[in-house]
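User: I am new to this structure and would like to learn how its features are read. Please take me through them one at a time.

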Amino acid sequence: MSATGVPAPAGPGRSCGPHLTVDLRGSPGAVSWRPPDAGAAADAVPCVVLADRAGCAEFAVLQDTLHRLGVPSVRVDAESVASLQLSATVTGGAGHGRARTGGGTCGVLDLDGRRIAPTVVWARHFSPRAMPATADAAQTLLRAESWHAFVRQLCSLAPASLPGNRPGRLEQLAGAAAAGIRVPRTVVTTAPAEAAAAMPGSRVVVKVVGEHFVETSPGLLTGALPEIAARAEVLRRPALDYPVIVQEHVEHDAELRVYHVAGAVHAYAVGKRAPDSPWREEAEVTVTPVAAPPAVADAVRALASLWGLTYGAFDLLLSAGEVVFLEVNTDGDWRWFEAKAGGRAVSTAVALATRTLHLAALGNAGPPSPLELVDFLLLGTRTRGSRR
């Protein structure tokens, strides 16, 4: 994965800071199977299903760890999904038979000649724009949207899915404010100058309403990352033909990236010069594991419960001891933060949570895997990852 800075357009079109191009085109997609040690079975094999982008390291590491823990899985990358041979059957009712799970799976999936019963489904960064184009534009869109819809709805065939709901940024801010958690003063507008005029302080934050990255062609992502700008400069910006978020800049004592994994909370203090520093000046960014203050842990768990999140990467500030909620990324990567911090806490938590959900789908709590065992199994795995 490579990233380069591309100057932002000057004049009327400008909304955020310099754009960033991320090139995933050198990452070939694949289907990766980790079958059970018992070999082939006549019935559908209970299996964890993982769907991601080929350039992301998280699921490659998770799948390898699950295999060592005895959990079968299949990982599918968006870049190669169109080559799959697929048939999905919704089960249930008398005479339909059940997957060999002993639990509550309600679907059977035939994937490239293998018959599985999904127990846990986790899809992240799975964009229809990743799939290669054909000469027929309509057929390209139909194929991509159909695969994207199927993967998104595959969660209904399994007893458990991650990350959970995917609230948008406005839903997040409204929900956090209603829960009594401080959020920055926010205006969504096509006129950033007018919004900046209503903000306190000498600086404001400008960010997009939707995803921080758009995929202009398969594998080529353009990022419009949050920007901290001088309020006086934003006052001179013309109106846009699309909405953006303008927020007050909150002076703070610490910035935290906090991961919520099935109730567990893992926090990192992040030191960086600007919001896009992890992409443009990676060496200058510091990531330090810290104990989450009780107010932070309480806020993260409350919001995860509110939004039905098993997994989420929360971005928070501490301002004079008060928790300030910025956003939660339900597809947020964790390997890059672990590599910078020098640990595997989130990878361990993710592996344990996925195994627990898988066993619950089988109707078997199973003996818990010691943290030390999972940490040992993670030794030697890749620590590099992206920074989303």
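User: Over how many bridges do strand β11 (residues 203–208) and β14 pair, and in which sense?

Analyst: A word on the source comes before the reply. This is a predicted model, in which local features need pLDDT of at least 70 and side-chain atom pairs count only at pLDDT 80 or more, while totals for chains, interfaces and linings use all residues. Residues are numbered from 1 along each chain as its sequence is written, and side-chain values use heavy atoms, with hydrogens and water left out. Helices (H or I, at least four residues) and strands (E, at least two) are DSSP runs, numbered from the N terminus. Two strands pair if DSSP finds at least two bridges between them. Here β11 and β14 pair in the antiparallel sense over 4 bridges.

User: Which residues of β14 form its covered face, and which its uncovered one?

Analyst: Cover is read from relative accessible area: buried means under 20%, exposed over 50%, and partly exposed in between (1.4 Å probe, protein chains only). In strand β14 (residues 227–230), E227 and A229 make up the covered face, whereas I228 and A230 make up the uncovered one.

User: What is the strand order of the open sheet of 5 strands?

Analyst: The order is β18-β17-β16-β19-β20, with antiparallel pairing. Its edge strands, β18 (286–290) and β20 (322–329), each pair on one side only. Strand β19 (residues 311–319) and β20 pair over 7 bridges, and L316 is bridged to F325 in β20.

User: Why does the end-to-end distance of helix α9 agree with its number of residues?

Analyst: The expected span of a helix is 1.5 Å times one less than its number of residues. Helix α9 (residues 345–361) has 17 residues and should therefore span 24 Å; its end C-alpha atoms are 25 Å apart, which agrees. The helix is mostly covered, with 13 of its 17 residues buried. After α9 comes G363, whose phi is positive, near 75°.

User: At what angle do α1 and α9 cross, and how close do their axes come?

Analyst: Two packed helices are described by the angle between their axes and the distance between the axes. The axes of helix α1 (residues 58–68) and α9 come within 10 Å and cross at roughly 55°. The pair is therefore oblique; angles under 35 degrees count as roughly parallel, over 145 as roughly antiparallel, 65 to 115 as roughly perpendicular and the rest as oblique. Contact, meaning heavy atoms within 4.5 Å, is made by L62, T65 and L66 of α1 and V350, A351, T354 and R355 of α9.

User: Is H125 buried or exposed?

Analyst: H125 is buried, at a relative accessible area of 11%. This residue lies in the loop between β8 (114–123) and α2 (137–153).

User: Where is the cis peptide bond?

Analyst: The cis peptide bond joins L162 and P163, with omega about 5°. P163 sits in the loop between β9 (160–162) and α3 (169–178).

User: How many helices and strands does the protein have?

Analyst: There are 10 helices and 20 strands. Of the 388 residues, 50% count as buried.

Conventions
Axes are lines fitted to C-alpha atoms, for helices over the stretch in contact, and angles run from 0 to 180 degrees between N-to-C directions.
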